[in-house]
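Have the structure open as you read.

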Amino acid sequence: MEIPANRLDRTFERHQTEYEAAALKVLRSGRYVLGEETAAFESEFAAYLGGGTCVGLASGLDALWIAFRLLGIGPGDEVLVQGNTYIATVMGITKNGATPVFVEPDAHFAMDPEALEPLLTPRTKAVLVTHLYGMMTPMAPIVRFCREHGLYLVEDCAQAHGAAYGGRKAGTFGDVGCFSFYPTKNLGCFGDGGAVWVRSPALAERFRTFRNYGSEKKHHNAEVGANSRLDELQAALLRVKLRHLDGLNAEKQRIAARYLREIENPQILLPEPAKGTVNVWHQFVVRCQRRGALADSLREQGIGTEIHYPIPPHLAEAYRYLGLSRGALPKTEALADTVLSVPSFIGLTEDEQTRVIRALNAFQ
Ligand SMILES: Cc1ncc(COP(=O)(O)O)c(C=O)c1O
């Protein structure tokens, strides 16, 4: 039996009856956009995150670009963002005409706070942190840096629903926390979806207006907004999954703990969570200098893998205009060349995991 890199059907089957009932209720309700389910999900997700306000949007990318837009960040402004992230993080900045300034990672895949100061310029307006792979960034030094320099702090929590540091959840450390509910995410829906956590109630209202054509009141449009609404079906399904999120994250944590205990191969570097962090292991990412050979060897044994991500944003074609070439971010590039995600999906059986561990340990 093949073990693919990911299997979303097993997450669905785990709570199938609840998902089906929730979906049917919406289908029968006659209300499909901006109704009770979205409002209920927004308040339940805000409560899960420990307070504040959540606003449902159409995707994680929308959450990011609308966040920077509403913070007034645009042409001529710079945003400090880690180099080793998914390209959508960077698009959230550049869709507003602002410039990303890339920060190298530390040993935990997180933004290195030591690397921030030298990149500061009079144009720097914000810091954007990604909690990559569900591994929480130790936020204290970054929060301090933003306070000292009067910068906005935005978190990309697309891969980190439920991760925490110092008893606080990812997404609630700064001005805006941006979430994606893309199906593969820890809190994934069954299509596209996203949300923001917002500290300021006034800013939350601006998100509500902006997501709905800039309309605060029917037929009155105060600004050119977007159509970026979390729909009722996705919201209802997310309410089901949110009830189970801690249990699902605990399963991811058990899978990761076993990998950390049992993978023993000098050629394979294991991920190292930073001190004081609660990690939700969106991906279990190892590093290997001979990554291609490792992936081939696993594939021959019926085990799928993924690379998150082989081309770092600064080397993507889309960002050629930034004028950065190979060598600009050596740590980021070294990660892009060596990272490999092994199966860690919800529902991975003990036997399947044993097979993955054996194959990793036998790799020569
Ligand atoms: C780190 C990160 N940021 C942003 C996004 C964008 O989210 P979406 O696909 O919902 O637009 C994703 C996921 O795709 C992501 O992994």
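This is a predicted model. Let's begin with the ligand: it has 15 residues around it, and Gly60, Asp156, Gln159, Ser180 and Lys185 come nearest.

Which residues put an N or O atom close to a ligand oxygen?

| Residue | Part of the residue | Distance to a ligand oxygen atom |
|---|---|---|
| Leu61 | backbone N or O atom | 2.9 Å |
| Gln159 | polar side-chain atom | 2.9 Å |
| Lys185 | side-chain N or O atom | 3.0 Å |

On its own, the ligand has 380 Å² of accessible area, and the protein covers 90% of that. The space taken by the ligand is the largest pocket. Two elements give two or more residues to the shell around the ligand, namely α4 (60–70) and α5 (87–94). Helix α4 gives the most, with 3 residues.

Now for the arginine. Arg10 sits in helix α1, which spans residues 9–14. Is Arg10 buried or exposed? With a relative accessible area of 15%, Arg10 counts as buried, because the cut-off for buried is under 20%.

What does the side chain of Arg10 make a polar contact with? The partner is the side chain of Glu352, at 2.7 Å. Leaving aside residues up to four places away in sequence, Arg10 touches Phe345, Ile346, Gly347, Leu348, Thr349 and Glu352. Glu352 therefore turns up both in that list of touching residues and as the polar partner of the Arg10 side chain, with the contact cut-off being heavy atoms within 4.5 Å.

How values were computed:
Residues are numbered from 1 along each chain as its sequence is written. This is a predicted model: local features need pLDDT of at least 70, side-chain atom pairs count only at pLDDT 80 or more; totals for chains, interfaces and linings use all residues. Side-chain values use heavy atoms; hydrogens and water are left out. Helices (H or I, at least four residues) and strands (E, at least two) are DSSP runs, numbered from the N terminus. Buried means under 20% relative accessible area, exposed over 50%, partly exposed in between (1.4 Å probe, protein chains only). A polar contact is a pair of N or O atoms within 3.5 Å; within protein, one must be able to donate a hydrogen and the other to accept it, and residues adjacent in sequence count only if both atoms are side-chain atoms. A residue is near a molecule or strand if one of its heavy atoms lies within 4 Å of it. Accessible areas come from the Shrake-Rupley method with a 1.4 Å probe; for residues, only the protein chains shown count as cover. On a 1 Å grid over the protein atoms alone, a cavity is a set of points where a 1.4 Å probe fits but cannot get out, and a pocket is an open set with protein on both sides within 12 Å along at least five of seven lines; lining residues have an atom within 4 Å of a point. A molecule sits in a cavity or pocket if more than half of its atoms lie within 2 Å of its grid points.
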